[in-house]
Amino acid sequence: MLIWIIFAAMTAAAVFALLWPLGRGGANAFAEVSDAKSLYRSQLAEIDRDFGRGLIGGTEADAARAEAGRRLLRAADGEAVPTGDSEPALRRRRAASAIALSCVPLFALLLYGAQGSPEQPDQPLSARLKSDPSQDFALAVSRIEAHLAANPGDARGWSVVAPVYLRQGRYDEAARAFAAALEHGGANAELLAGLGEARALAAGGVVTAEARQPLTEAVKLDGGNARARFFLAIAKEQDGDSAGAIADLRALLVDAPADATWVGTVRLRLEGLEAAPSTGASIAALPPGEQQLAIRGMVDGLAERLKMGGGTFAEWTRLIRSQVVLGDKPAAREAIIAARQRFADDGAALGQLDALAGELGLREPAP
Amino acid sequence: MIVEIGHFALALALGVAVVQALVPLWGVSRRDAALASVGPAAAVTCFLLVAFSFLALVVSYVRSDFSVENVVANSHSAQPLIYKVTSTWGNHEGSMLLWVLILTLFGALVAVSRRSLPTRLRAGTLAAQGFVTVAFLAFVLLTSNPFRRLDPAPGEGQDLNPILQDLGLAIHPPLLYVGYVGFSITYAFAVAALIDGRIDAVWARAVRPWTLLAWVFLTLGIAMGSYWAYYELGWGGWWFWDPVENASLMPWLAGTALIHSTVVMEKRDALKVWTILLAILTFSLSLLGTFIVRSGVLTSVHSFASDPGRGLFILAILVFFVGGSLALFAWRAPLLRQGGLFAPISREGALVVNNLFIATACATVFIGTLYPLVLEMLTGDKISVGPPFFNATFVPVVVPLLLLLPIGQTLAWKRGDLLGAAQRMSAALVLAIVSGLAVVAIMRGGPVLAPLGIGLGVFLIAGSAWDIGERVVRRASGASAMLSRAIGLPRSAWGTAFAHAGVGLSVIGIAAAAWSAEGIGVLKPGESLTSGRYTVVLETVTPRKGPNFTEDVARFRVSAGDRQLKPVEAMKRVYTARAMPTTEAGIRTDGLSQVYVSLGEPQGGGIAVRVYDKPLILLIWIGAVVMAFGGALSLTDRRFRLAVPRRAATRTVIQPAE
């Protein structure tokens, strides 16, 4: 509330500053002639001074004086008649006051109202540091980051920050943090599983070869690690082994402790798989039926559009990844070939396509 | 809360600027002084609001308030205080706010300079200035709002671009902006004159100090930017004909022409239309510079985060103000009363020649800068127009201009004596030729043009000195009489002499670059590398930790022949927040020359080192500072303290000659 009072006071002060000269009345005409006169008078003085110093000769000085005099006369021609407090002048003043009174608050409110956040207080760093750190999650994270920047060998710090990144959707950073925690703290099933998950999510949900390796290691260390088992099941599904995937997910549910929060996710996935067993296709955590059709429709639409021409490189890679997730490897292979032709003269893009093909297991046999 | 108040103040300022644009304009057209008097009040109010807003942003930066998006994107809590402050304008949004702040500051200055300005002209000028302010405030608020908030606030900022974490950022942009934006005032004056349909010596006299002020700051700003690029970018060049540099050079050239043409207008009531056009073009070129830098049509250190929406907005501003004023010019200029004709051989004639040359030089820079951009837009071909183009086009235009400069400087008004002036300059010319020959004899070699350049520089300095000397040492008289005459000379005469001598100094500095030398090698501690006159020995390479960076410091011993200079340190830094490496060159000044040491990558146990011998390089910037000093001196000339009869009375007392 206080801030609106301040805003109102500021607006009032600004409007008052504009109205003040209008209310004062006073001179209504411009003092043009006196302005001009004083200029030419000083110019005449300057000519005299130059002449006195011998900088210009007598005839030049006379000519210059005559010219300045002529200009002075010309300036005097423009003399305006003072308007005084005539009726139109008063009307004009009233109109000008109305403009000031309406324009200023209107523009201020429109522009500030569209973008301002009047309810949000200042948050200077020093004040935030003094307050309870558990209340300020972002600050706590960046403190840990600063600590890690200075002590990059602190495995515990990395293992604290890595899941936070994962939750925030910063998958690449999460993968780096898990890897750093493993490097400095030694193997640990939970961290390995986290690394696998981060890599899979960074690849758009595809369990790549890179992601598979830490996941397998995690299961080796701890056969009951649910996270690793879940993603390995998805890997099976990607490879077209729907039956294996379903079996693994069922086993995971059987082993699940009563209070596990991830059971819902696994069950959704399982239902999706069971609903479309023939193609072995499903999309992460999606119920069967229309939604899946819609997703497929979207991917097909993208494929259609890219086939017609145009499309950025990012769109092509998205299409290829989506087709792999949908289990449609032949289509993905076709898309890679088409993309190769499209970006034939872009070396960097071709390199990335090759890498992508390797990662997704799409490398076609040599022709 | 201060963030939100600052934001609101900015929005309020826009409303006030709208009033500033409309009401005084109405007053001018109705010849109603009461309406016109709203102009100054609005301009001052607008300035106060924008100043508050700017301060609010600075406070957010200093307090590392990461609930402000702009602070997060360009600041870091570990930065030293000075960089926290300068970060405010080390980014697109903040620098636009600084731009608007200076714009309104100039408006306020015009508003309070009651004495030196006719009220009617002031009202028209403030109205025109009001339109510019509205446009840029709208640009800031709608496309580049620095007060956007984040909730929840991140815990740490992303740091400022490391290249900008330098004292240069504290100096270069403010100076440059005062220069750029200062020309908005001359533009506003020109528009006011066109709307009014009246233009005379009063106008010229009123405009001149503002032009000079803007020019002085632009000169310093460009020089500072050039020195900054020289020591920060690590390859020892000081001017790259980069589009962004050209963008600042073009208004400078046009402004230089404008300073000279306003003199003619004031003294002879001539060149009116041309002067108006120049005033419009100068600010148009400033706007063009803004567009080039901010729209993302090119990438450089200056191009911040650019996005097409902003580019389009600035393009619209550019089209409106340039197109609008030129249309106004086409419509109203024929109504302006032309001054009398004048003789070609005279001071005014010489100034016309000056204007022609400078305008041509400006046009070559314009073509060299825009042609590649336009070509890329039309055909997609990327071509680069670099030093070879400008050496072949810009230099041949400027050299004759500089050769004629000392002669034009001594010509009398109205009817000059070319032969006499040339004769008077013969001593300076002889001195120039002698020094050129001396350079050839001493240096034995080097490019042919370099001694000519040195000679040209000497000619300019000697010519200026001679011009002043001749006025002081007139008729045989004692030292005290000469001193009093020297003091009695108008400050503008001294200003002219200093500014032209400054050009000479810069020319010498540029010419001497022909003898610069470069040495590259991979050094291990204890090994040495020689470049030109200097030898450096790598002593140690040690790691060091700064507030928000880590660096490797290489320490070098420097010697010139048998002379031992102070050691120098060159650094390679990595700024942690952005994981971005920068090089910090080590520079040792030796008289007017410098040794420049810059580090490359580590290679095979050693580190790559580049050493440059830069003879007389400081003269380039010293020359610019002297030029600016000349401009400032001219600014204090009492002729500009206009118009109060009381003063005219006191003036007669100082002048015994009357």
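How many helices and strands are there in chain B? There are 20 helices and nine strands. Both are DSSP runs, numbered from the N terminus: H or I over at least four residues for helices, E over at least two for strands.

1. **Basis.** This is a predicted model, in which local features need pLDDT of at least 70, side-chain atom pairs count only at pLDDT 80 or more, and totals for chains, interfaces and linings use all residues. Residues are numbered from 1 along each chain as its sequence is written, chains are lettered from A and ligands numbered from 1 in the order in which they are written, and side-chain values use heavy atoms, with hydrogens and water left out.

2. **Chain B overall.** Chain B has 658 residues, and 61% of them count as buried. Buried means under 20% relative accessible area, exposed over 50%, and partly exposed in between (1.4 Å probe, protein chains only). The accessible surface of the chain comes to about 24800 Å². Carbon and sulfur atoms account for 69% of that surface. Areas come from the Shrake-Rupley method with a 1.4 Å probe; for residues, only the protein chains shown count as cover. Take the contacts in chain B between residues at least 6 apart in sequence: 73% join residues at least 24 apart. Contact means heavy atoms within 4.5 Å.

3. **Helix α18(B).** This helix covers residues 491-512 of chain B. Its 22 residues should span 32 Å at 1.5 Å a residue, and the end C-alpha atoms are 31 Å apart, which agrees. The expected span is 1.5 Å times one less than the number of residues. Most of α18(B) is covered, with 16 of its 22 residues buried.

4. **Five-stranded sheet.** In chain B, five strands make an open antiparallel sheet in the order β2-β3-β4-β5-β6. Strands β2 (528-531) and β6 (580-584) of chain B stand at the edges with a single partner strand each, so one side of each has no neighbour in the sheet. The twist averages 25 degrees from one strand to the next. Axes are lines fitted to C-alpha atoms, for helices over the stretch in contact, and angles run from 0 to 180 degrees between N-to-C directions. Strands β3 (residues 534-545) and β4 (residues 549-560) of chain B run antiparallel and are joined by 11 bridges. Two strands pair if DSSP finds at least two bridges between them. Thr540(B) stands opposite Arg555(B) in β4(B).

5. A salt bridge here is a side-chain nitrogen of Lys or Arg within 4 Å of a carboxyl oxygen of Asp or Glu. Glu551(B) and Arg544(B) form one, at 3.0 Å from N to O. Glu551(B) is buried at 6% relative accessibility, whereas Arg544(B) is partly exposed at 40%. Both belong to a salt-bridge network that also includes Glu539(B), Arg555(B), Arg557(B), Glu569(B), Arg573(B) and Glu584(B).

6. **Four-stranded sheet.** A second open sheet in chain B has the order β1-β9-β8-β7, again with antiparallel pairing. Its edges are β1 (517-523) and β7 (586-590) of chain B; each has a single partner strand, so one side of each lacks a neighbour in the sheet. Neighbouring strands are turned by 20 degrees against each other on average, direction ignored. Eight bridges pair β8 (residues 593-603) with β9 (residues 606-614) of chain B in the antiparallel sense. Ser598(B) has Arg610(B) in β9(B) as its bridge partner. Helix α9 (residues 201-232) of chain B lies across β7, β8 and β9 of chain B, at about 40 degrees to β8(B).

7. **Arg128(A).** Is this residue of chain A buried or exposed? Arg128(A) counts as buried, at 5% relative accessibility. It is found in helix α5 (residues 125-130) of chain A. Leaving aside neighbours within four places in sequence, its contacts include Asp136(A) and Leu139(A), and also Phe66(B), Ala153(B), Pro154(B) and Gly155(B). The C-alpha atoms of Arg128(A) and Leu139(A) are 7.9 Å apart, at a sequence separation of 11 residues.

8. Glu145(A) lies in helix α6 (residues 137-150) of chain A and Arg170(A) in the loop between α7 (155-168) and α8 (171-185) of chain A, so the pair ties together parts 25 residues apart in sequence. In chain B, Arg148(B) forms a salt bridge with Glu69(B), the closest N and O atoms being 3.0 Å apart. That pair links distant parts of the chain, 79 residues apart. Arg148(B) is partly exposed at 41%, and Glu69(B) is partly exposed at 31%.
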